[in-house]
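My notes follow, in the order I looked things up.

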Amino acid sequence: MVVLVIDIQKGITDERLYDFSGFMKNTVRIIEAARNNNVEVIYVQHDDGPRTGFSVGDEAFEIAPQVMPREGEKIFVKEINSCFGNKELVRYLEERKENTLMIVGLQTNFCIDASIKSAFERGYKVIVPKGTNSTFDNDYMDKETTYKYYNDMMWPERFADCISIEDAIGLLSNEQLFHG
């Protein structure tokens with residue numbers, strides 16, 4: 001198993017997000033549990049391209065300080081919604097022969113949804129801990145409704161196992177049994 005931390009970048013990580021404080025607390029707990037149990041944490045950053053304000057070199061592009069990678073943790077950059085648009089990440093996961101991905105990050109209805117469905121189509125078991133993805137209001141749904149639509153209706157029993165934080169931490173702890 002690996003934990004994919006997707007697009008938790010300075011330009012979109014703030015109080016506009018649904019349950020911002022809960023999202024940050026839960027996501028930090030997952031990252032810490034993974035690290036404490038020798039489960040690899042991999043970061044993915046979204047790049048909208050030069051002169052967009054959300055690209056390499058821009059402050060908004062940088063990973064949010066609350067979830068900063070540790071030295072040696074891998075960081076991949078993507079230019080489309082799904083993290084599987086980065087061929088180096090795809091190759092890396094294939095070489096590691098990983099079959100389970102725990103996915104956390106932003107935004108629920110864009111890059112998280114695209115990455116979950118792409119992972120599912122590639123045969124990965126996908127785990128989404130409750131409260132570890134978030135999004136903003138949009139023209140069609142408020143942020144809470146959008147979050148619930150994906151986490152409670154769209155992904156479960158189709159594309160991912162959406163489980164409690166406690167169960168996710170338990171799975172990460174059990175991973176140690178397979179590595180040790």
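Predicted model: local features only at pLDDT ≥ 70, side-chain atom pairs only at ≥ 80, totals over all residues.

**Entry 1**

Glu88 sits in helix 2, which covers residues 87-96.

From Glu94 to Arg122 I count 28 residues in sequence and 10 Å in space, C-alpha to C-alpha.

**Entry 1: The largest pocket**

Rolling a probe the size of a water molecule over the atoms shows where empty space is left. The largest pocket comes out at a volume of about 170 Å³. Its lining is made up of Asp7, Ile12, His46, Asp48, Phe54, Asn81, Leu106, Gln107, Phe110 and Cys111. Sorted by class, I get five nonpolar, three polar and two charged residues in that lining.

I followed up on Asp7, which I found in the loop between strand 1 and helix 1. Is Asp7 buried or exposed? Its relative accessibility is 2%, so Asp7 counts as buried, the cut-off being under 20%. Setting aside neighbours within four places in sequence, I noted that Asp7 contacts Ile12, Val44, Gln45, His46, Lys78, Leu106 and Cys111.

Most residues other than glycine have a negative phi, and most peptide bonds are trans. I went looking for exceptions. Leu106 and Gln107 are joined by a cis peptide bond, with omega about -25°. Gln107 belongs to the loop between strand 4 and helix 3.

Asp19 has a positive phi, near 45°, although it is not a glycine. Asp19 is in the loop between strand 1 and helix 1, and its 42% relative accessibility makes it partly exposed. Arg51 is another non-glycine residue with a positive phi, near 65°. I placed Arg51 in the loop between strand 2 and strand 3, and it is exposed, at a relative accessible area of 82%.

**Entry 2: Helix 3**

How far apart are the end C-alpha atoms of helix 3? They are 18 Å apart, which agrees with the 20 Å that its 14 residues (108-121) should span at 1.5 Å a residue. Its buried residues are Thr108, Asn109, Cys111, Ile112, Asp113, Ser115, Ile116, Ser118 and Ala119. Just after helix 3, I saw that Gly123 takes a positive phi of about 90°.

In soluble globular proteins, nonpolar side chains tend to be buried together. The largest nonpolar core here has 30 residues, and Val3, Val5, Ile30, Met102 and Leu172 touch the most other members. Strand 1, helix 1, strand 2, strand 4 and helix 5 each supply at least two of its residues. Helix 1 gives the largest share, seven residues.

I looked up the partners of Met102, leaving aside neighbours within four places in sequence: Met1, Val2, Val3, Leu4, Ile30, Ile127, Pro129, Ala168 and Leu172. Last, I noted a second, separate core of 26 residues, with Ile112, Ala119, Val128 and Cys162 among them.

Note on methods:
Residues numbered from 1 in each chain as written. Heavy atoms only, no water. 1 Å grid on protein atoms, 1.4 Å probe; cavity = no way out; pocket = protein on both sides within 12 Å on 5 of 7 lines; lining within 4 Å. Points joined across faces, edges and corners; volume = space filled by probe spheres on them. Nonpolar A, V, L, I, M, F, W, Y, C, P; charged D, E, K, R; others polar. Helix = DSSP H or I, 4+ residues; strand = E, 2+ residues; numbered from the N terminus. Expected span 1.5 Å × (residues − 1). Buried < 20%, exposed > 50% of the residue type's maximum accessible area, 1.4 Å probe, protein only. Core = buried A, V, L, I, M, F, W, Y, C linked by side-chain atoms within 4.5 Å. Contact = heavy atoms within 4.5 Å.
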